[in-house]
Amino acid sequence: MRLDRFLANQPHLNRQQVRLLLAQRRVRVDGEVVAEPLTEVREFSRVEVDEQLLQAGRPARYLMLHKPIGCVSATQDPQHPTVLDLLPAELRDDLHIAGRLDFNTTGLLILTNDGQWSRRLTQPATKLPKHYRVDTEDEIGSHYVAKFQAGMYFAFEDLTTLPAQLDILAPRQARLAIVEGRYHQVKRMFGHFNNKVVGLHRESMGGIRLDPDLAPGQFRPLTAQEIATV
């Protein structure tokens, strides 16, 4: 929300008073004096007028988790352990998953309470690539590459996937970069060639790469540099 609108929504302030407060530089956002009415106020922002606290804000949290096989990318599940069960109880509140992984898929998973940030990370419009290492049952033919690049038609959704980059690493292993996250997309793309995916591991999302020091089930906070890449 814009700062001037946030202030005008306060029961004791009107628009004229808001303009005066900003002009007199009496408003602070996250400890900094702000006079620009278009400054963005988020749920994490601390907003003060003089010595009066209007919004305390809350800490934004961004976690990288190495998802193991056998847990669900969900906040709760009646049958299976979830990725949140891998975190201490005090860290679980308000977190959501930015880019889910299937039950048997491993690798990079991001958990955050920042909805705007996670939408930028996962929406196809931002075109941030997600890199996967893929192991298949049968050999991967060189002719796969052009088809992945051209896009594949998914009849169920009545759409053609955006161009994807496929690099063949070994006869039955490849690295795939996609900018979407369609339902079982990777498995369905290889399924076009009747080639079953037997192993799937997400290595990176945008500029965030899975920390090689994290064992399956372990997590750490994202660095400021990693957060800023989104």
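**Exercise 1.** How do the residues of the lining of the largest pocket divide into nonpolar, polar and charged?

*Solution.* The model is predicted: local features need pLDDT of at least 70 and side-chain atom pairs count only at pLDDT 80 or more, while totals for chains, interfaces and linings use all residues. Residues are numbered from 1 along each chain as its sequence is written, and side-chain values use heavy atoms, with hydrogens and water left out.

Step 1. On a 1 Å grid over the protein atoms alone, a pocket is an open set of points where a 1.4 Å probe fits, with protein on both sides within 12 Å along at least five of seven lines; lining residues have an atom within 4 Å of a point. Ala, Val, Leu, Ile, Met, Phe, Trp, Tyr, Cys and Pro count as nonpolar, Asp, Glu, Lys and Arg as charged, and the others, Gly among them, as polar.

Step 2. Apply them. The lining of the largest pocket holds seven nonpolar, six polar and seven charged residues.

Step 3. Locate the centre. Of the 20 lining residues, R100, Y132, G181, R182 and R202 lie nearest the centre of the largest pocket. Two or more lining residues come from each of β8 (130-136), α5 (185-191) and β13 (197-205); helices (H or I, at least four residues) and strands (E, at least two) are DSSP runs, numbered from the N terminus.

**Exercise 2.** Which element gives the largest share of the lining of the second largest pocket?

*Solution.* Step 1. List the lining: I69, N104, T105, T106, R133, D135, K187, V197, V198, G199, L200 and H201.

Step 1. Assign elements. β8 and β13 each give two or more residues to this lining; the largest share, five residues, comes from β13.

Step 2. Classify. Four of the residues in the lining of the second largest pocket are nonpolar, five polar and three charged.

**Exercise 3.** Is E180 buried or exposed, and which backbone nitrogen does its side chain reach?

Step 1. Compare with the cut-offs (buried is under 20% relative accessible area, exposed over 50%, partly exposed in between, with a 1.4 Å probe and protein chains only). With a relative accessible area of 4%, E180 is buried.

Step 2. Identify partners. The E180 side chain reaches the backbone nitrogen of L162 at 2.7 Å. A polar contact of 3.1 Å also joins the side chains of E180 and R182; such a contact is a pair of N or O atoms within 3.5 Å, where within protein one must be able to donate a hydrogen and the other to accept it, and residues adjacent in sequence count only if both atoms are side-chain atoms.

**Exercise 4.** Why is strand β5 (residues 62-67) largely enclosed by the rest of the structure?

*Solution.* Step 1. Six of the six residues of β5 are buried, so the strand is largely enclosed.

Step 1. Examine each face. Y62, M64 and H66 are buried on one side, and L63, L65 and K67 on the other.

Step 2. Find the pairings (two strands pair if DSSP finds at least two bridges between them). β5 pairs with strand β7 (residues 106-112) in the antiparallel sense over six bridges, and L65 stands opposite L109 in β7. Three bridges join β5 to strand β15 (residues 219-221), also antiparallel, with M64 opposite R220.
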